[in-house]
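Please examine the sequence and the model shown below before reading on.

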Amino acid sequence: MGKVTRNRGSGLKSGRPPLSTTNTGQGSTSTVGKHNVNARRKSSKATRNLINKHHQLHKSRAAAVAAGDHKHVGEIDGQLQQLGGLEAYQAASLTGQDKDRGGDSSERLVEWLRKYNLVGPTRTKLGLRVLEVGALSSQNAISRMVGKGVEIVKRIDLNSQEPNVIEKADFMTFPISDACAVKYDIVSLSLVLNYVPDAAGRGEMLRRTTSFLRRQGTIDSTTAVDAPSPLPCLFAVMPLPCLTNSRYMTHNHFVSIMNSLGYEILERHESQKLSYTLFRWHSDKQETRKTFKKVEINPGRMRNNFAVVMNNA
Ligand SMILES: C[S@@+](CC[C@H](N)C(=O)[O-])C[C@H]1O[C@@H](n2cnc3c(N)ncnc32)[C@H](O)[C@@H]1O
């Protein structure tokens, strides 16, 4: 793998999708479902608080479901509703990721694909198929590569902001097809894994990604640089503290989990708040079905509890 690149000084500038906005003259307004959310009026702290609260409630809900506490589930659903539900969360994700505060995480993916000479103005014949899970916008950098190396970007989200171009679907139940023609060269999971409220669910999500990737040898593309092809691959973006400040996770531990699925890390970048990684999937490698439990590897009172559990199903 190449050296980890870091961009501590630029805040979130190196990652996040562009805000779909209409300019009101007073600041941008993002229209999310029925909600009109003034992007600039919400401070970045308020945005962060909303996102954090949403994540906390989701985790509590998962725990209440697991405990069979239906009353508590109902209460939490009410609180989520009061926060504005998934739509408000998505609006916060978009506004908090405005150009001023962040950027478009798929810019990093495009940068890496350029490095391997897979996208760009001269790559008109190359037909990469991309599955973007958790898509908030059809105007991001990877979408702009359609016709420049990318054939299609299939976008899905639990709640579609653009019903014509983003399919409302849950990745965990999204149909898997064995036909190579409907598989993908690239799966993008940008800020989605951390949305899953429980550790075993995250493991299942990672395991599931390989089912959507084309096998090696079925990819009609060659890299023109002196580097191995990164295809098929997974682009994963996570909040940095998931990997640097968790009791149950480190970057190396995450890579071990990915290795067990047949993934090899190719690229890594850290901005001030996000971790970006590109993993090539070796379809010829048998998944080891190794078990990864929730084990404390990084003790500390001030750390978070982010974990990924792989059950040997
Ligand atoms: C924080 S947003 C990230 C959006 C964008 N990918 C980015 O990098 O900014 C997380 C999105 O993932 C979606 N999501 C979470 N779990 C999902 C699942 N199982 N299937 C499809 N979308 C999912 C949520 O609805 C939400 O829109």
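A polar contact is a pair of N or O atoms within 3.5 Å; within protein, one atom must be able to donate a hydrogen and the other to accept it, and residues adjacent in sequence count only if both atoms are side-chain atoms. By this criterion, a backbone N or O atom of L158 lies 3.3 Å from a nitrogen atom of the ligand. D170 places a polar side-chain atom 2.8 Å from a nitrogen atom of the ligand, and a polar side-chain atom of S105 lies 3.4 Å from an oxygen atom of the ligand. Taken alone, the ligand exposes 600 Å², of which the protein buries 96%; such areas come from the Shrake-Rupley method with a 1.4 Å probe, and for residues only the protein chains shown count as cover.

The model is predicted: local features need pLDDT of at least 70, side-chain atom pairs count only at pLDDT 80 or more, and totals for chains, interfaces and linings use all residues. Residues are numbered from 1 along each chain as its sequence is written, and side-chain values use heavy atoms, with hydrogens and water left out.

The ligand is surrounded by 19 residues, where a residue counts as near if one of its heavy atoms lies within 4 Å. The closest are Q90, G134, D157, D170 and S190. Helix α3 (residues 85–96) gives the most to this shell, with four residues; helices (H or I, at least four residues) and strands (E, at least two) are DSSP runs, numbered from the N terminus.

Strands pair if DSSP finds at least two bridges between them. β8 runs parallel to β5 (residues 128–133), joined by four bridges, with S188 as the partner of E132. Five bridges pair β8 with β9 (residues 233–239), also in the parallel sense, and S190 stands opposite V237.

A nonpolar core is a set of buried Ala, Val, Leu, Ile, Met, Phe, Trp, Tyr and Cys residues joined through side-chain atoms within 4.5 Å. The largest has 34 residues, and L206 and F254 have the most contacts inside it. Its largest share, four residues, comes from α7.

Definitions and conventions. Buried means under 20% relative accessible area, exposed over 50%, partly exposed in between (1.4 Å probe, protein chains only).
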